[in-house]
Amino acid sequence: MKDTLEIERRFILRDNISNFENFEKLFIVQLYLPTGHRLRCEQSSHSCQFIKTLKTVIPGKLGVREQEENIEESEFLFEIAKANRIINKTRYTFKDGDVKWDIDTFPFNLIIGEVEMPSEDYTLNIHEKIKPLILTEVTNNKDLSNFRMSTLIDNPIEAYNLIRAQFSF
């Protein structure tokens, strides 16, 4: 299990996907369990990865503690029945020096750029491709967290069918 401190800043970006077409692309479905765990299926052009994560807020800190482990497809499929929330997105990823950018595009016409930083006191120089696209910073806006934007699942079988239709595992 990987146990890290995730320190990130988040920005709403203008709709201009053409800037990201040459970056690594992932299709992601995230499910949330009543236990607080998050399940994620990430599919790239060459693989599908299943991940279980628990995030813990650290009072007074910018970052969160993130405990993450790869899981088998069978465990992911078993846990779907317990999920009560779901969100899907397309992610474009690239490294810029010491930081990693994740550009998440959601099906409800929203783009959020997240940058993972090595420390809380890191001076962020925003990448030239990102800077003109920033509308506003939303780092501390909890209403724009993936969990808050996720939708309630009425029927776990529907979630399973959505995932199976979108991913080839």
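Colleague: Where is N109?
Modeller: N109 is in the loop between β8 (99-106) and β9 (110-116). Strands here are DSSP runs of E, at least two residues, and helices are runs of H or I, at least four, numbered from the N terminus.

Colleague: What's the source?
Modeller: This is a predicted model, with residues numbered from 1 along each chain as its sequence is written. Local features need pLDDT of at least 70, side-chain atom pairs count only at pLDDT 80 or more, totals for chains, interfaces and linings use all residues, and side-chain values use heavy atoms, without hydrogens and water.

Colleague: What about phi at N109?
Modeller: Phi is positive at N109, about 60 degrees. N109 is not a glycine.

Colleague: Is N109 buried or exposed?
Modeller: Exposed: N109 has a relative accessible area of 66%. The cut-offs are under 20% for buried and over 50% for exposed, with partly exposed in between (1.4 Å probe, protein chains only).

Colleague: New topic. Where does N146 sit?
Modeller: In helix α2, which covers residues 146-149.

Colleague: And N146, buried or exposed?
Modeller: N146 is buried, because its relative accessibility is 11%.

Colleague: Which residues does N146 touch?
Modeller: Leaving out residues up to four places away in sequence, N146 touches R10, Q30, Y32, I87, K89, F106 and E114. Contact means heavy atoms within 4.5 Å.
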